[in-house]
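Thank you for sending this chain; my comments are set out as numbered points, to be read with the structure open beside them.

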Amino acid sequence: MQQLKSALEMPGSFGVPILRDLQFAGKEGYSLLQSWQRYGSVFKMQLLGQKCAVLIGAEANKLVLVEQAERLSSYLGWRYFVEPAFGKTLMIQDGQQHSTTRRLMMPAFHGAAIASYLETMQEIVQACLSGWANLGEIVLIDSLRKMTLLVGAKLLLGVQAEKEIDEIEQLYNAQLQASLSLLRVNLLFTTFGKGQLARALLKQRLEAMITERRNQNLQSSHDALGLFLAAIDSEGNALPLNQIMDEIIHLVNASHFTTAGMLSWAMFELAARADWRERLSEELEQVVKDELNIEHLRQLPQMTNFLKEIERLYPPTSLIIRGVVKEIEYAGYRIEPGWTIIISQFVTHRLPEIYTHPEQFDPDRFAPGREEDKKVPFSLLGFGGGAHVCIGR
Ligand code: HEM
């Protein structure tokens, strides 16, 4: 029988606390890539004072997201980033609590609901794009963040007037900064305190909307708030009001900066590639004769492959974190409770054993005959996998 080694014996280094976190912040994907190049597919590091085991590759992804998921905790992994700013939302729930909440939230993410959001999305996108021609030079990520935030604010927070969006944007920026800040002191002038205030203001706004909604017929609701308020499962569970507010505020956050990031990279790559501009335009012209509808999205294989290549090279979240609740074994190591496990979509997507010439932009790698992401499960992971797979994917 193979003798298991302690995770402390993994290659890598814990580094100097705080200094290590500052070095890591903002370049997580590249930092993990460099460590993988140096130490191989299993290594240790330190993050926020936690001992972390980093496991790289499709097999590790499957182990963490599915096979050993019950021994691991999303709460212990993400709580530092999510709980103070957003509350104990779906993403950081575990086990039965997580599956009950997810079941109750799901109707807002099914086909019929998504189809009903499309008109609002299109109006916002068209308005945003029609302004671009007159603006000269623009900062793509800022413009697209505003656009996706407006989608979230209209569909999830029920914001009607566009002029309110600047205020909402400030509140979300404050929350985002707070969730990343290292100093967690709740005072009015600290980054963390400003985030807490922003959360309270967003909640106030939602509370007023919920009171108004409760006087209406919820069964005919089609937006996320209405569907959350009406949701009840076969065991009689419903989402508590406070939870609904936290989920909505977190959803707007989780949806807008990720989508804006991927769209920015898509525009960036398109700008540099006349051949792909032509291929995608032709495909769109053939499929969408009149108004774009949800069915068209399934009939655009080249667009799908192009976006998958954006997901592969530029995943907005470069890692997934879990806390160890019950010991797990991997690659000859024993990883005990108290450790944190990190897997990385950013590094997985650059592994030469999965993707040929991984550094090259090549959407055709996903086309029939090649399908490089399908040879081994959990090779393309931009939206995660297993029970916590992105609900908005
Ligand atoms: C390009 C866009 C997006 C990317 C790349 C993305 C990525 C991810 C990833 C990697 C996870 C898994 C986290 C984990 O396992 O710990 C996740 C979870 C989640 N995402 Fe997204 N996301 C995107 C858009 C959205 C949108 C549009 C929404 C909602 C409107 C959303 C809501 C969520 C929620 C609520 C979770 C937690 C699910 C759970 O724990 O059950 N995301 N997302």
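Predicted model: local features only at pLDDT ≥ 70, side-chain atom pairs only at ≥ 80, totals over all residues.

1. The chain holds 14 helices and eight strands. Its radius of gyration is 22 Å, close to the 21 Å that the globule rule gives for 393 residues, and the chain is therefore as compact as a globular protein of that length. Along the principal axes, the C-alpha trace spans about 65 × 50 × 45 Å.

2. In which order do the strands of the five-stranded sheet lie? The order is β2-β3-β8-β5-β4, in an open sheet whose pairing is mixed. The edges are taken by β2 (42-47) and β4 (72-73), and because each of these has a single partner strand, one side of each is left without a neighbour in the sheet.

3. Within that sheet, strand β3 (residues 50-55) and strand β8 (residues 340-343) run parallel and are joined by three bridges. If you wish to find this pairing on the screen, look for C52, which stands opposite T340 in β8. Helix α3 (residues 58-67) packs on the sheet and touches β3, β4, β5 (320-324) and β8, with a direction that makes about 130 degrees with that of β8.

4. A second open sheet has three strands in the order β1-β7-β6, again described as mixed in its pairing. Here β1 (5-6) and β6 (328-330) stand at the edges, and since each has a single partner strand, one side of each is left without a neighbour in the sheet. The pairing of β1 with strand β7 (residues 333-335) is in the parallel sense and runs over two bridges, and K5 stands opposite Y333 in β7.

5. Turning to the helices, helix α4 (residues 74-86) packs with helix α8 (residues 165-180) at an angle of about 140 degrees, their axes being 8 Å apart. The two are therefore oblique to each other, and their crossing is right-handed. From α4 the contact takes F81, V82 and A85, and from α8 it takes Q175, A178 and S179. By class, these comprise four nonpolar and two polar residues, with no charged residues.

6. How do helix α6 (residues 111-132) and helix α7 (residues 140-155) cross? Their axes come within 10 Å and cross at roughly 150 degrees, which means that α6 is roughly antiparallel to α7; the crossing is right-handed. The contact is made by Y117, T120, M121, I124, V125 and C128 of α6, together with S143, M147, L150, V151, K154 and L155 of α7. Divided by class, the contact of α6 with α7 has nine nonpolar, two polar and one charged residues.

7. Helix α7 also meets helix α11 (residues 241-272), where the axes come within 8 Å and cross at roughly 140 degrees. That angle makes α7 oblique to α11, and α7 passes α11 in a right-handed crossing. On the α7 side, the contact is made by L140, I141, L144, R145, T148, L149, G152 and A153, while α11 contributes V252, S255, H256, F257, T259, A260, L263, S264, M267 and F268. The residues of this contact divide into eleven nonpolar, six polar and one charged.

Conventions:
Residues numbered from 1 in each chain as written. Pairing = 2+ DSSP bridges. Helix = DSSP H or I, 4+ residues; strand = E, 2+ residues; numbered from the N terminus. Contact = placed C-beta atoms within 7 Å. Axes fitted to C-alpha atoms, helices over the stretch in contact; angles between N-to-C directions. Parallel < 35°, antiparallel > 145°, perpendicular 65-115°, else oblique. Left-handed = near helix turned anticlockwise from the far one by under 90°. Nonpolar A, V, L, I, M, F, W, Y, C, P; charged D, E, K, R; others polar. Rg over C-alpha atoms; globule rule 2.2 N^0.38 Å.
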